[in-house]
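Me: I am new to this structure. Could you show me how to read its features, one at a time?

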Amino acid sequence: MAAQVDRIMAQHSANSIPEEPQVPSIAPSLTYSESSEPSENEEPRQSDEQPRRRRASTVLIVKSPADIQRITGETTTQLVQRCCGGGCCLTSDGKRVKKQGIEYERVNLPDNDAYRALNLKIEEVPTVLNNILDLPEQVAFLQPLRRPSNVPSPTESTAALNIDGNATSATIDIEKSIQKLSLEDLDTKIQPPSFVQPHPPFHVFPARIHTARELTGQGAEKRTFHFDIDVTNYPEDEGVDFKVGGAIGVSAPNDESMVEELFDLLLIPRFLRDKPVLLRTTKGRWPTVWGEDQARELVTTRRDLLTWCSDIQSYPPTKPLLRVLAEHATNEDERKILFFLCSAEGQGVFCDFRTGPHITVAQLLHAFPSARPPLDLLLSVLQPLMPRFYSLSNDPHESYLRRDGKQHRLIEIAVTVHTATDWRTGERNGVGSGFFQRQALKYIEAQKRGEKDIDVYIPMFKGLMANPLAKQFVSDGPMLLIGAGVGIAPFRGFVQRRLKTANCANKVWVLQGCRDSLVDELYSGEWGVHEDEVKRVVESRRGQGRYVQEEVKAQADLVWYIINSVDGRVFVCGSSKGMGEGVEQALIEVAMEKGNLEHDEAKQFWELKREVGQYIAETW
């Protein structure tokens, strides 16, 4: 691989590659180039001027024909025949063109805010619909918990013991049968049921929050919280330790109020919501996350399934979900609309619907109030609730605290709260970040009340301690860390580890992007000694319009020195929208300028550096 890099570079001037300095003092430093700041003659952009627009990003919706069929209910060939996705079946005002020879009828649209917020462009539907999706197979069944006839009562099972007190094999079998019909002794208010094993061999551990605080100031566009999590009692038998740059997995539950609302909409009596029930599945991994694809029988509750196992807000609606609603809608107009969305004729409207804002299951039930499907059928078509991953923002090998006469081990993470459009409140929080915000506010409010022992937990597992950031972190060699927003958090642990070693103190540099350092800069003053020397903060607030990718180009000498040094590494972490794509393009331009390369050669140069572990990008 190195030979390929050398071959690319050999075609150009050898003078363009800086020699490794003989002493650390002559390494390039973070400099304020003429392009870094506005010149004296340059007038700053006025606050009422439009800020520079970020590049548009492409969002991956499907990866394979199987994904297309799962979402739309049609094969790729059928989909293209019905709708090419180019908008050619729309008029200039955005309405669908009526096809010749098809009879249409007007439908009375649901008169409620939830339906209007869906923005469905439906006024008339064909009287005859073709290729309506078949009703999805039901794979989950909820059954009352009854004691089988061959399982005796507890009194009878006790009588089956031998005189000397030893249990017979028959008694052991009986006790196992009884255990299978009982809920496990687990507090599912702070952690999911044990069958939700997210990432074998790890199991979810309810870790107590040691401290929680808000990192961003009042007026910040997005709120970011910091957490110190106590992992002193985390099980040691999993064989993997926490690592600098590693990420923990978090099994975040659905918001309790959203779960309760779904129960109300589905007309499930309150006395049944927490009552033990037998769940039987015929195939698939659900309700586990990454378990085996197999049939299951287990005892749980309806609340646990909706809280921990099924995602009710993060995914766009699918045809199987709409088909289930259509089957159980009692209002004729609602049925016509739902069946239209599941048909070949409604494919264009469905595509527009799916690529719009994500719709919660509760909004769909509010929009089509006559649709009240059974809970187990609904669970058969919902997406599984997946764990979220968060990078450590400290050096976990050095984070210990004495408390109550004991030594406690802490890990630290930072979480930015992400929002989506909501039809009632304007916006709603994401599943994972919303959960973290609720836990942080619980802790902060309890702290304000003067409480000492605050029991607020994060259900977590070690997760990804072998992710690219953790695997490529080395103890020596120059390192450039580029991040924006919460993407800067894992680099704090890198710097903490590096600055503890004297011979590495001048071999790490940080470019941190934020909107406004007064309210958005994360961990200001918390990076250790020499922070001002190793870190440059780049603000993109309105009126200045400078992004971290522009600073990458301004620091071209430093970038080129690091990437061509022995064990030199460039790390990028943050959102792929805007920042990630912009930094990648900036690095290509640096290679073109400093390496005298053509665009394709510069792109290949960074791809080869990625393959050998010198260029590491973690974006989302």
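Me: Which residues lie nearest the centre of the largest cavity?

Reply: Start with the ground rules. This is a predicted model, where local features need pLDDT of at least 70 and side-chain atom pairs count only at pLDDT 80 or more, while totals for chains, interfaces and linings use all residues. Residues are numbered from 1 along each chain as its sequence is written, and side-chain values use heavy atoms, with hydrogens and water left out. Now the general idea: rolling a probe the size of a water molecule over the atoms shows where empty space is left. A cavity is a set of points on a 1 Å grid over the protein atoms alone where a 1.4 Å probe fits but cannot get out, and its lining residues have an atom within 4 Å of a point. Here, Asp311, Tyr315, Pro316, Leu321 and Leu382 lie nearest the centre, out of 15 lining residues.

Me: What volume does the largest cavity have, and what classes of residue line it?

Reply: A volume is the space filled by probe spheres set on the grid points, which are joined across faces, edges and corners. For the largest cavity that comes to about 120 Å³. For the classes, Ala, Val, Leu, Ile, Met, Phe, Trp, Tyr, Cys and Pro count as nonpolar, Asp, Glu, Lys and Arg as charged, and the others, Gly among them, as polar. The lining splits into 10 nonpolar, 4 polar and 1 charged.

Me: How many bridges join E7 to E8?

Reply: There are 6, and E7 covers residues 276-281. One example: Thr281 has Arg296 in E8 as its bridge partner.

Me: What about charged pairs? How many salt bridges are there?

Reply: A salt bridge is a side-chain nitrogen of Lys or Arg within 4 Å of a carboxyl oxygen of Asp or Glu. That rule gives 29. Take Asp274 and Arg303, with N to O at 2.7 Å. This pair links distant parts of the chain, 29 residues apart: Asp274 is in the loop between helix H8 (270-273) and E7, and Arg303 is in helix H9 (residues 302-308).

Me: Is Arg303 buried or exposed?

Reply: Buried means under 20% relative accessible area, exposed over 50%, and partly exposed in between (1.4 Å probe, protein chains only). Arg303 is at 18%, so it counts as buried. Asp274 is partly exposed at 45%.

Me: Which helices does the salt bridge of Lys594 and Asp557 tie together?

Reply: Their side chains meet at 2.5 Å, N to O. Lys594 lies in helix H21 (residues 576-595) and Asp557 in helix H20 (residues 556-563), so the pair ties together parts 37 residues apart in sequence. Lys594 is partly exposed at 22%, and Asp557 is partly exposed at 48%.

Technical notes: Pairing = 2+ DSSP bridges. Helix = DSSP H or I, 4+ residues; strand = E, 2+ residues; numbered from the N terminus. 1 Å grid on protein atoms, 1.4 Å probe; cavity = no way out; pocket = protein on both sides within 12 Å on 5 of 7 lines; lining within 4 Å.
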